[in-house]
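Subject: Structure handover: pockets

Hello,

Here is the structure I promised to pass on.

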Amino acid sequence: MANMLSHPKLFMPVLLAAGVSGGVASLLGMSGTAFSAGFGLSGFIGPLTALNESQGDLLGIRVILAFIVVPLLLGILMKLVFMKKVPLIQGEELALPDI
């Protein structure tokens, strides 16, 4: 977190990927509770709640897409865009400081 506070531009790919992931999850019909909001894959709270609260066909596949495939692909895409195509972020900015 210290890296992000000292280099606020690091928030851009994170916020962009989170926004797109949330939109895709909404399009896939994922539902949750107020207590599970924002957990994502952390402790499997997001996927397990989505399995319990969402309805429709192919629910397992939609949960895997929403919580694993889409965020993984967006992470790779954000690295490609923000570090290779538009070199806005350098690798040194991501390194943790030595203690």
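A quick definition before the helix labels: helices are DSSP runs of H or I with at least four residues, numbered from the N terminus. Keep in mind that this is a predicted model.

Largest pocket

The space in the largest pocket comes to about 360 Å³. Its lining counts 20 residues, and F39, G40, L41, G46 and F67 are the closest to the centre. Three helices each supply at least two lining residues: α2 (11–27), α3 (45–53) and α4 (59–85). Of these, α4 gives the most, with five residues. What is the make-up of this lining by class? There are 11 nonpolar residues and nine polar ones.

Second largest pocket

Here the volume is about 280 Å³. The lining has 17 residues. Nearest the centre lie L10, P13, V14, M78 and L94. At least two lining residues come from each of α1 (2–6), α2 and α4. The largest share is again that of α4, at seven residues. By class, the lining of the second largest pocket splits into 13 nonpolar, three polar and one charged.

To recap on α4: this helix gives the most to the lining of the largest pocket, and the largest share of the lining of the second largest pocket is also from α4.

Best wishes

Note on methods. Residues numbered from 1 in each chain as written. Predicted model: local features only at pLDDT ≥ 70, side-chain atom pairs only at ≥ 80, totals over all residues. Heavy atoms only, no water. 1 Å grid on protein atoms, 1.4 Å probe; cavity = no way out; pocket = protein on both sides within 12 Å on 5 of 7 lines; lining within 4 Å. Points joined across faces, edges and corners; volume = space filled by probe spheres on them. Nonpolar A, V, L, I, M, F, W, Y, C, P; charged D, E, K, R; others polar.
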